[in-house]
Every structure is written in C-alpha cells, then in structure tokens.
Amino acid sequence: MIKTLLVAARDRNRLGEILQIASRFGLGLLLAQLGLERGGDADGDDDPRSLPLRTRLAMEELGPTFVKLGQILATRGDLLPSEWIAELEQLHSRAPTLPFEQLRPAVEEALGGAPEEIFAHFDPEPLAAASMAQIHRARLADGQEVILKIRRPDIRPRMEADLRLIAQGAALVEAASTAARRFAPVALMRQLGDAVLGELDFTMEGRNADAMREDFAGEPRVEIPRIHWDWSSETLLVMDYVEGLPPRDAETLRAGGIDPEAIAGLGADLVLDMVLVHGRFHGDPHPGNLLCLPGNRLALLDFGMIGHVSPRRREEFMAFVQSLAMGDPAQLTDILAVWAEQSAGQGVEAVPRPQIALAADRLIARHGRGRLVLRALVGDFLPLMREVGLTMPPDLLLIFKTLVTLDGVLTAICPDFDLSGAMERSSLRIVRARLSPEHWRPTLMALAWELGRLGEDAPRLLRAAIRRLEAEPVESTGAAQLAPALREGARWIAGGVIIAAAMVAGALIWH
C-alpha cells in the first residue's frame with residue numbers, strides 16, 4: 001500500500017530516501033503494524049525488542065521533520081508503551097556545521113548587506129549548529145553582544161516535502177489500521193505541520209519571546225533575550241547573547257556563586273505561572289534552554305515550541321490536581337471523562353464511564369491525599385490511560401511533558417525539591433491573577449458587545465411579541481391586559497441594557 005504514495009510525483013526522490021533509510025534500519029515490522037506494508041524486511045532486523053531504538057535512529061537520520069514528529073509522539077504516553085517513550089525522548093537533531101560561505105547569500109539577503117559591514121564584529125566560526133539552523137556571534141555598534149540564528153539553506157522545501165508525504169501516510173494509516181486509529185494520525189499530522197512550519201518561520205519564535213518577556217515584565221529574576229527586529233526576518237533571528245550556566249548539577253552552580261535551591265524554586269514558580277496564570281508556556285524547558293545567572297536569576301532561551309492553555313483547560317488542570325490532593329474520585333472521573341470526550345477520534349469507540357471511574361479510583365489509591373510526586377504520577381497516569389483505552393488532548397499532554405521535564409531538571413540540581421509544594425505556593429498568585437481587571441477584560445468586552453446588541457434588538461423583539469399577543473383572542477391569552485405592561489417593560493429593559501453596557505464600557509476605558 002505504501003507504493004500508492006508515489007502519486008506525489010514531485011516528492012518521489014525524497015520518498016525514495018525515506019524508504020531506503022527505513023529499509024536500512026529494518027522498519028518493515030513497524031510498517032506492517034501501521035498497515036502500510038507486509039511484515040518482514042530482508043535488509044533489516046525485525047526483532048520487536050530493538051524496534052524503538054531503530055526507529056529513533058532512523059528518525060534522526062531522516063532529519064528535522066521526523067525528529068519533530070518523534071518529539072510529538074514522545075508526549076503520547078497515553079498511546080505508546082514506556083519503552084517507546086523512553087527512546088523517543090532521546091531524539092535530537094544531528095547536523096554538521098556548515099562553512100559560513102554556504103550561508104552567506106541567505107544572510108546578506110536577509111540583512112541587506114554583508115554582516116561584516118552591518119555589525120561592529122561578526123564571527124564566521126559557528127557557535128552551535130542544529131538540523132534547522134546555525135548560530136553565529138556578533139557585536140552591535142553600541143557594544144551589545146548578539147547571536148545570529150541562521151536558517152539552513154534549502155531546508156524549507158525539504159521539510160514541506162516531508163510534511164506532504166507524512167500527511168499521505170497518515171491518511172493511509174487511519175484508513176488501514178483500526179489499532180492506529182486511536183492515534184488519530186491525521187490530527188497528529190496537523191499538529192506536526194503547525195509545529196514544523198512555526199519553527200521554520202523565525203519571526204514566530206521572535207514574537208513568542210516578546211510575548212513571554214511581556215508576561216514576566218515585573219519579574220526581575222527572569223531574563224529573556226531581546227529580539228533585534230531591524231535585522232530579523234523569517235530566515236534570520238538576531239537576539240541578545242546571554243552567558244550563564246545550564247542547570248545540570250548543583251556543584252557547578254555553587255562553584256559559580258548560584259544557589260541551586262533558589263533556582264529550583266524560581267524555575268517551578270515560573271513554569272506554573274506560565275501554565276496556570278499566563279496560559280502561555282515554554283514547551284521544552286530542558287537544561288539547554290535554561291541558563292542560571294548571577295543573583296540566582298534564570299534566562300529562558302529558544303521559544304520555537306510554545307504551548308497555549310485556554311482558561312477552561314487551566315480550570316480543568318487545577319481540578320485534576322485538587323481531586324488528587326483531596327482524594328475525590330468522583331471529581332477526577334468527571335475530569336477524565338471530559339478529556340476523553342475531547343480527544344476521541346472518529347471511528348474510535350467511547351470508553352464507558354464505569355471504566356473511567358475505575359481508572360480514577362486506581363489513580364486516587366496510588367497518588368491521592370499525599371505528597372504529589374509529579375514524575376511518579378505521570379509515570380502511572382499515562383500508562384493507566386492507555387490500559388483503559390483513554391486518550392488525552394494533545395495540549396494537555398504537552399503540559400504534563402513540560403512539568404515532568406522541568407521536574408527532572410530541578411531534582412537534578414536539588415534532589416529534595418518538591419514540585420507539589422510549588423503548586424501550593426502558586427495558588428495565591430493564581431487567585432490574584434483571576435481577580436485582576438486584565439483577567440476579566442476580554443470577558444467584559446464580550447459582555448459589552450452582547451449588551452449593546454441586546455439593547456438594539458430588545459425593543460424590536462418586544463414589539464413583535466406585543467403585536468403577536470394583540471392579534472390573539474383576548475379570552476384565550478389576556479393579551480389586551482398584558483400588552484401595555486410589555487410596552488412599559490420594553491422601555492425599562494432597553495434603558496437598563498444601555499446603562500449596563502455604558503457601565504461596562506466605562507470600566508474598560510478607565511482601567
């Protein structure tokens with residue numbers, strides 16, 4: 001069946017590369033499990049015990065699109081066994097550095113001139129390299145040290161070809177494999193496409209950084225590099241250079257005059273505020289994207305992967321945590337049922353509520369009414385969801401992945417750190433944020449709009465009702481007695497609505 005992908009004639013060469021690499025790593029068994037090919041691969045090892053490892057190695061060789069796909073799948077502990085998750089979490093982009101002369105034409109086009117002429121200093125030797133971009137240092141005329149994140153040449157056409165081919169494969173898998181349908185491959189492909197195309201456009205990363213900086217404008221312990229928009233574009237991002245220590249071990253931090261416990265507490269507070277207060281969070285807070293600075297401060301880097309949390313999802317997540325803390329299986333069942341309904345794919349049979357309640361009881365028995373150890377909780381929660389056939393919304397899984405990643409970073413530098421304690425400390429900040437005028441501003445604006453519409457429509461609707469009543473026989477409806485009262489009521493309602501709308505508008509204007 002996979003041969004039908006050849007209909008995409010313009011991507012035939014890339015498809016050939018993909019099949020060749022899949023064959024070399026012995027992925028015939030995986031293709032068979034997905035319903036794309038008959039089992040067995042003469043050129044490879046189909047031992048299922050090594051399949052996750054070989055899949056990860058093949059993805060790394062296939063390049064950034066497949067690495068990103070694997071990273072998304074690594075969040076799906078509700079669908080994949082632990083050995084697959086452990087292997088996919090090790091995915092990283094592998095790419096050699098390129099001589100700057102290969103990048104020069106794209107850089108000069110983006111800058112409008114040679115970097116040596118635009119910057120006071122430019123270093124042609126790369127500082128770092130990944131599959132999608134290469135990093136170089138420079139200095140502005142005012143002495144500010146910056147870095148240039150340069151997109152690799154010709155990477156967009158290749159990644160777009162990968163997305164087209166994976167999209168076709170996802171459609172085939174969803175049609176051919178009942179087991180794979182739980183993954184909702186087509187929806188997963190849409191998530192992948194959004195992530196890849198977003199990371200290809202460096203202006204999106206720059207806007208994410210600006211938004212995050214605004215979120216923490218009042219927090220002096222947080223540093224987010226400034227974006228220099230005069231020289232930034234889709235293919236080039238110029239930002240402040242930040243020097244610090246990654247939070248890998250406590251001894252190194254102490255040697256640099258930094259308190260690991262203070263950093264652990266600050267890191268937890270930041271991520272919880274991102275998720276539960278601001279509704280916008282760093283999707284990959286590993287040590288390479290965090291730097292510890294003098295004064296026990298933290299710098300956040302690389303905003304290519306940003307998660308967003310709707311107000312409703314924040315309420316659901318808080319209810320999930322509270323139900324565990326209080327040992328309330330009924331509330332936990334309600335939350336799990338909502339999440340299961342939101343994530344159910346087409347053609348996937350719904351999980352009966354008694355089965356969801358049983359899963360909630362087991363989770364409460366293991367983790368309720370006690371210290372909430374996040375890594376242990378998620379380590380039990382997602383396999384349990386897979387066991388009972390429940391799938392979770394992708395945005396929720398990214399929240400769990402982010403918190404678990406952060407928990408691993410913080411416990412590495414502060415072994416006694418308890419993230420659940422930080423969640424308790426964050427309660428006051430969450431309440432304060434919910435009571436702030438800014439939190440209610442969108443709701444008030446929507447209310448003012450609806451009140452304005454109601455004020456315009458109420459007299460017309462009431463006049464129509466009065467005419468209808470006057471047309472009815474008096475003995476059957478008493479319309480003659482009711483109509484004058486309705487006319488008076490219409491005037492009062494219209495006036496009240498207009499006054500209410502004016503009060504809401506005034507509150508918005510004078511805030």
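Helices (H or I, at least four residues) and strands (E, at least two) are here DSSP runs, numbered from the N terminus. The model used in these exercises is predicted.

**Exercise 1.** State how many cavities of 30 Å³ or more the model holds, and give the volume of the largest cavity.

*Solution.* Step 1: the count comes to three cavities of 30 Å³ or more. Step 2: the largest cavity has a volume of about 100 Å³.

**Exercise 2.** Describe the lining of the largest cavity by residue, element and class.

*Solution.* Step 1: 15 residues line the largest cavity, and those nearest its centre are Gly 267, Leu 290, Leu 298, Leu 300 and Leu 406. Step 2: two or more lining residues come from each of helix 12 (260-278), strand 9 (297-300) and helix 17 (394-413). Step 3: helix 12 contributes the most, with five residues. Step 4: by class, the lining of the largest cavity has 13 nonpolar residues, two polar and no charged.

**Exercise 3.** Give the volume of the second largest cavity, then work out its lining by element and class.

*Solution.* Step 1: the second largest cavity holds about 40 Å³ of space. Step 2: its lining consists of Glu 205, Ala 209, Pro 225, Ile 227, Leu 237, Met 239, Leu 301, Asp 302 and Phe 303. Step 3: at least two residues of this lining come from helix 10 (202-215), and at least two from strand 6 (236-240). Step 4: sorted by class, the lining of the second largest cavity has seven nonpolar residues, no polar and two charged. Step 5: Asp and Glu count as charged, and the lining includes Glu 205 and Asp 302.

Key
Residues are numbered from 1 along each chain as its sequence is written. This is a predicted model: local features need pLDDT of at least 70, side-chain atom pairs count only at pLDDT 80 or more; totals for chains, interfaces and linings use all residues. Side-chain values use heavy atoms; hydrogens and water are left out. On a 1 Å grid over the protein atoms alone, a cavity is a set of points where a 1.4 Å probe fits but cannot get out, and a pocket is an open set with protein on both sides within 12 Å along at least five of seven lines; lining residues have an atom within 4 Å of a point. Grid points are joined across faces, edges and corners, and a volume is the space filled by probe spheres set on the points.
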